[in-house]
Amino acid sequence: MHHSGEVYGQEATSTLPIESLRAVAEQTFGDQPLCVLDLCAAPGSKASQVASQLHIDLLVANEPQKTRAALLQANLLRAGVSEALILSMDGTRIGAIMPNAFDVVLVDAPCSGEGNIRKDPSAWDRWAHNDHPQQLQSRLNLQKDLMSSGWQALRPGGLLVYSTCTLNHEENERQCCQLQEQGAQVVRLDEQLVPSTPEGFLRVWPHWLDVEGFFVACFYKETTHVDPAAQMDCLSLGKMGFRRLKTSEVAGLQERVLQELHFSLPPGIPVMDKEEDVFLLTKRLPLLQKLLPHTLLPGIRLLSKQQISKELRLVAGGNLSSEEWLDLYKSAGGGLGASSLSLKSAVDAPTAWKAFQEMKQQRLEPDIVSYNTLLNAFAKDSDGAGAQEVFNEMTDVSVTPGVVSFSVLIEAHARAGHRKAAEQAFRIMQELGLQPNEVTYTALLRARLLSGDLLGAEDLQNELNVVGYTLLIDAYARVGNVEKAEAAVDALSMNAAPNLATYTALMKAYSRAHQLQGAEAVMSRMKAQGLEPNSITYVTLIAAHGKAKSLQRAEELYKEQGPNLASATAMIGAYGRAKDAERAQGVFDELCAQTVRPDAICCRQLSQALTGARPQSERKVYCKLQPSVLLSRERICNASRNAFEASIASHGRARQFCAEGCCSGF
């Protein structure tokens, strides 16, 4: 869904400027289609939110840097926004070029980013730099100029929204006061959203809701008489190098697009340029033609060399694979962002490495996000050596590793069983002055647990998150240490709520300690917390009752969960422990009747359950596997090899069984 543009991920508070605007715009404009200017739009999160939540006639989105403007264009096309005009110019000049032109202006200004301290503690360090006063003044000047330009571009009766992700007074309230000196009227946001400041601005502090800090202000421009004719030059397509398509040409194009893409062209002016590419210009072009020299494209390209353009295919969407989406996204200007998506969607480390190399071949310079994504791919593949190679390249090309980089590297070494390498990465991280977070400590915990160092893992207990505590509880469960498992749950509960996986690990501890009442009590605690047990929870409890040969309760749990591969495998194991081959086979047949494909573990449990049956029945029962299970003969035999050799070889039946249809013999 992310590849197709159906979803755009944002920090929760980052949505507040548009949510504020939407609430005020409904009261101010009603159903009127709006002409909106996003003055600082890249990479496009708020611009796409504007397009999805407001009734817009045209969205003009600006980004001065060409590469970021291309990314902005690609993101809006991917989101299906057809009413956008992408500018790449100094935003402080737009007001002078296009005064009184827009119904709504959004100024999400560049700022010091202090609100990001929750995910980037280094944001505070900027205050300690010697050049901080100069850097702050430079930002203040830019913010003031952008607000003035946006205010000039705003038509009388329009709305301007100013926002930052910083916390200080100078970049927020002070800038708003200066705009008020130009005649801006504050639109109080405390009627639409949670009140925040006496002036009616919205301010969110990171510690309130554990979110990014944010500031939002909204202003109204008093209505005065403006002569539209004074703003609008006569539109001459010929002077601009375009030919307007004839009515018959437009009809043919609309029919072609509908047939090939199942997509209806949005309203606009279809024109052809000198290269015979066809574009869809905005209906408001007479008003905005002064901005055309600064656009990436005059509108959506519809045809290129008489073929439907990739830009139009990206807007239209449709039934495309992730690879097709990414290809269109790259061709539309996605650049580094598109390559980063290719990295994130890679199914394994080799695929991610290939995408990374393609990124560099396109002369795109990988950033820290790209390197971290590649590191994560190697971590998922438990390839510590590969992750270390990527990490070394980062430092070689002067991309400074951060906390996330070290955390993923430690995780990769942990999964690969490289305890010493994980510990060394942790020490280097501390020597560099980087503060390990809960994810870092959890990765180090995994390294110590996988090396069998439970005492060393316990030393990290006070630094763990829910995932880390769950891993520790699971380690206690493996040795049946209920007392320490419960103590770890209590310690976790002091700072966070245990989740389903945590309680399931605790249940496993009681099961391993053969304390059925304790395991059942954990199930009750889980439900009391509003947590719905999943298949792993049921399997754990079914297996516990199976080991105790408490078949009645195991059957109740199995019926409560319903037959699936995991619960059926556990139930077959329970019957196997009770040496009830007939009912074990019945569960297996029930599973197969649902067209569920048994795996090797399920087949192994069944083979073990049948070890107490007579040799004649063994051949009969296993032959049932052939027509009903879509499982390779080789896998069935491999899964059953040990059990059969132990149970039937002494009867001289193993080779005979295989000769009768399962395989060519052990």
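Val104 has Leu159 as its bridge partner in strand 5. This is a predicted model, in which local features need pLDDT of at least 70, side-chain atom pairs count only at pLDDT 80 or more, and totals for chains, interfaces and linings use all residues. Residues are numbered from 1 along each chain as its sequence is written, and side-chain values use heavy atoms, with hydrogens and water left out. Helices (H or I, at least four residues) and strands (E, at least two) are DSSP runs, numbered from the N terminus. Two strands pair if DSSP finds at least two bridges between them.

**Strand 5 and its neighbours**

- Strand 4 (residues 102–108) and strand 5 run parallel and are joined by 6 bridges.
- Strand 5 also pairs with strand 8 (residues 214–220), in the antiparallel sense and over 6 bridges.
- Within the pairing of strand 5 and strand 8, Thr164 stands opposite Phe215 of strand 8.
- Strand 5 (residues 154–164) is largely enclosed by the rest of the structure, because 10 of its 11 residues are buried. Buried means under 20% relative accessible area, exposed over 50%, and partly exposed in between (1.4 Å probe, protein chains only).

- An open sheet of 5 strands has the order 9-10-11-12-13, and its pairing is antiparallel.
- Strand 9 (243–244) and strand 13 (307–308) stand at the edges with a single partner strand each, so one side of each has no neighbour in the sheet.
- Ile269 has Leu281, in strand 11, as its bridge partner.

**Salt bridges**

- The structure holds 26 salt bridges, each defined as a side-chain nitrogen of Lys or Arg within 4 Å of a carboxyl oxygen of Asp or Glu.
- Arg22 and Glu19 meet in one of them, at 2.7 Å from N to O. Both residues lie in helix 1 (residues 16–29), 3 residues apart, which is about one turn of the helix.
- Arg22 is partly exposed at 28% relative accessibility, and Glu19 is partly exposed at 22%.
- Arg301 and Glu311 form a salt bridge with the closest N and O atoms 3.2 Å apart. Arg301 lies in strand 12 (residues 300–304) and Glu311 in helix 11 (residues 310–316), so the pair ties together parts that are 10 residues apart in sequence.
- Arg301 is buried, with a relative accessible area of 18%, and Glu311 is buried at 12%.
- Asp453 and Arg419 form a salt bridge with the closest N and O atoms 3.1 Å apart. Asp453 is in the loop between helix 18 (438–450) and helix 19 (454–458), while Arg419 is in helix 17 (residues 419–431), so the pair ties together parts that are 34 residues apart in sequence.
- Asp453 is partly exposed at 24% relative accessibility, and Arg419 is partly exposed at 24%.

**Surface patches**

- Patches are made of residues with over 30% relative accessible area and no salt bridge; like charges are joined within 9 Å, and nonpolar side chains (Val, Leu, Ile, Met, Phe, Trp, Tyr) within 5 Å. Accessible areas come from the Shrake-Rupley method with a 1.4 Å probe, and for residues only the protein chains shown count as cover.
- Arg512, Lys547, Lys549, Arg577 and Lys579 gather in a surface patch of positive charge. Lys and Arg count as positive and Asp and Glu as negative, whereas His and the chain ends are not counted; the place of a charge is taken as NZ of Lys, CZ of Arg, CG of Asp or CD of Glu.
- Lys547 belongs to helix 24 (residues 535–547) and is partly exposed, with a relative accessible area of 35%.
- Trp205, Trp208 and Leu209 make a nonpolar surface patch of about 340 Å². Trp208 lies in helix 7 (residues 206–209) and is partly exposed at 45% relative accessibility.

**Backbone geometry**

- Most residues other than glycine have a negative phi, and most peptide bonds are trans.
- The peptide bond from Ala42 to Pro43 is cis, with omega near 5 degrees. Pro43 lies in the loop between strand 1 (34–38) and helix 2 (45–53).
- Gln306 is not a glycine but has a positive phi of about 70 degrees. Gln306 is in the loop between strand 12 and strand 13 and is partly exposed at 39% relative accessibility.
- Ser382, also not a glycine, has a positive phi of about 55 degrees. Ser382 sits in the loop between helix 14 (368–380) and helix 15 (384–396).
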